[in-house]
Amino acid sequence: MTGNHKDKTISRRRALAVTGGTVAAGGLVAAGFQSAFADTADTTTDADATASASSTSSECMTLMTSVTEGPYYLDGALVRKDITEGKAGVPLTLRLTVVDATDGCTPVKGAAVEIWHCDAWGYYSGYTTANPGGSAPAESEEGDSANDLTYLRGYQVANANGVVKFETIFPGWYTPRTCHIHVKVHTGGEKEDGTYEGGKVNYTGQLFFADDVAEEIFTLDPYAKHTGSYTVLADDMVYDGGGAASGLLTLKAVHKKDPSKGYKGSLTLGVDPDAESTGAGSGGGGTPPSDAPTGTPPSDSPSPSASASS
């Protein structure tokens with residue numbers, strides 16, 4: 001299928017994160033984001049997610065298999081629900097439920113879930129000089145207000161039901177990967193200075209999207225400005241075809257007849273809270289630029305602002 005669609009080191013103490021923000025020209029109107037990000041039934045949703053996990057114990061008892069963290073990880077992401085920073089794209093509300101697959105799928109309260117992904121044209125914050133493949137505008141041409149070191153990265157800490165929620169955009173793609181979101185589950189640490197410190201990583205994985213949904217999204221602006229050869233799930237180097245157990249999200253359109261209004265994505269992550277993941281699991285994840293940052297933040301970084309909210 002044909003997809004129609006600065007190089008810096010991140011800081012633990014970033015002061016310039018912008019949560020929310022105005023969508024850039026060529027992106028989606030604010031009403032679309034408000035519709036997809038409507039938060040009218042969080043308590044009910046969280047309870048439903050827990051009930052669902054309990055009722056499908058055979059599925060969530062399958063331990064999620066860690067895969068590679070990929071070449072675009074950066075340490076020190078901010079604890080916040082909205083990670084868009086004004087990046088243009090189709091709204092995506094992401095709900096993840098963390099359960100202990102070794103103990104009857106009980107919720108893992110306090111687990112810190114970290115996600116990061118590329119923007120609509122395939123660029124990652126902190127690695128904006130990395131060519132996404134195909135033909136794409138330069139990342140700087142979007143003209144948005146996003147910080148080049150922090151956009152589309154963040155943590156959330158699980159509630160008593162093991163649930164976290166993120167507000168973001170549908171990711172774009174880059175060669176040679178299919179559309180995906182990276183995820184880590186941490187336990188044993190704590191929130192400090194706007195980020196999450198200490199503890200250990202129990203799971204490193206990736207979240208995936210059905211081909212038909214991704215292909216439809218990539219015909220919309222701003223995704224359509226990135227053209228080239230898009231990798232479908234069956235040809236991806238990381239996704240192994242295992243469905244939800246391999247990170248395939250359940251997706252629900254906010255408006256069935258208008259995909260630009262956004263999607264809600266959900267998945268239960270069955271992890272072992274006693275295990276430790278190195279981030280060196282299966283799959284290559286693509287190749288970073290030769291001069292890519294290492295992901296180690298400077299020690300003299302400024303403190304984050306109040307915009308780094310939970």
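# Exercises on a predicted model

Pro171 sits in the loop between β6 and β7.

## Exercise 1: Pro171

Task: Find out whether Pro171 is buried or exposed, and how far Pro171 is from Ile217 in sequence and in space.

Solution. 
Step 1. The relative accessible area of Pro171 is 0%. Buried means under 20%, so Pro171 is buried.
Step 2. Along the sequence, Pro171 and Ile217 are 46 residues apart.
Step 3. In space, their C-alpha atoms are 9.5 Å apart.

## Exercise 2: An aromatic pair

Task: Classify the aromatic pair of Phe170 and Phe218 as stacked, tilted or edge-to-face, and state which parts of the chain it links.

Solution. 
Step 1. Ring centres must lie within 6.5 Å to count as a pair. The centres of Phe170 and Phe218 are 6.4 Å apart.
Step 2. Planes over 60 degrees apart count as edge-to-face. Here the angle between the planes is 80°, and the pair is edge-to-face.
Step 3. Phe170 is in the loop between β6 (163–169) and β7 (180–192), while Phe218 is in the loop between α4 (211–217) and β9 (228–229). The two residues are 48 residues apart, and the pair links distant parts of the chain.
Step 4. Phe170 has a relative accessible area of 0% and is buried. Phe218 is also at 0% and counts as buried.
Step 5. Ring pairs join Phe170 and Phe218 to Trp173, Phe209, Tyr223, Tyr230 and Tyr263 in a cluster. The count for the model is 13 aromatic pairs.

## Exercise 3: Lys184

Task: Describe the salt bridge of Lys184 and Glu69, and name the ring that Lys184 lies over.

Solution. 
Step 1. A salt bridge needs a nitrogen to oxygen distance within 4 Å. For Lys184 and Glu69 the distance is 2.7 Å, N to O.
Step 2. Lys184 has a relative accessible area of 5% and is buried.
Step 3. Lys184 also lies over the face of Tyr73, at 4.6 Å from the ring centre.

## Exercise 4: Lys87 and its partners

Task: Which residues are linked with Lys87 in a network of salt bridges, and which ring does Lys87 lie over?

Solution. 
Step 1. Glu139, at 7% relative accessibility, counts as buried. Lys87, at 1%, is buried.
Step 2. The network links Lys87 with Asp119, Glu139 and Glu142.
Step 3. Lys87 lies over the face of Tyr151, at 4.2 Å from the ring centre.

## Exercise 5: Glu85

Solution. 
Step 1. Glu85 is in the loop between α3 and β2.
Step 2. Its phi is near 55°, a positive value in a residue other than glycine.
Step 3. The side chain of Glu85 meets that of Arg80 in a salt bridge of 2.8 Å, N to O.
Step 4. Glu85 is buried at 0% relative accessible area, and Arg80 is buried at 0%.

## Exercise 6: Cis peptide bonds

Solution. 
Step 1. Thr175 and Pro176 are joined by a cis peptide bond with omega of about 5°. Pro176 is in the loop between β6 and β7.
Step 2. The peptide bond from Asp221 to Pro222 is cis, with omega near 0°. Pro222 is in the loop between α4 and β9.

## Exercise 7: The largest cavity

Task: Which residues line the largest cavity, and how do they divide into nonpolar, polar and charged?

Solution. 
Step 1. The largest cavity holds about 30 Å³ of space.
Step 2. Its lining consists of Tyr72, Gly122, Tyr123, Tyr124, Tyr127, Ala130, Asn131, Pro132 and Tyr174.
Step 3. Of these residues, 7 are nonpolar, 2 are polar and none is charged.
Step 4. Tyr124, from this lining, lies in the loop between β4 and β5 and counts as buried at 2% relative accessibility.

Notes:
Residues numbered from 1 in each chain as written. Predicted model: local features only at pLDDT ≥ 70, side-chain atom pairs only at ≥ 80, totals over all residues. Heavy atoms only, no water. Phe/Tyr/Trp six-rings, centres within 6.5 Å; stacked < 30°, edge-to-face > 60°. Helix = DSSP H or I, 4+ residues; strand = E, 2+ residues; numbered from the N terminus. Buried < 20%, exposed > 50% of the residue type's maximum accessible area, 1.4 Å probe, protein only. Lys NZ or Arg CZ within 6 Å of the ring centre and 35° of its normal. 1 Å grid on protein atoms, 1.4 Å probe; cavity = no way out; pocket = protein on both sides within 12 Å on 5 of 7 lines; lining within 4 Å. Points joined across faces, edges and corners; volume = space filled by probe spheres on them. Nonpolar A, V, L, I, M, F, W, Y, C, P; charged D, E, K, R; others polar.
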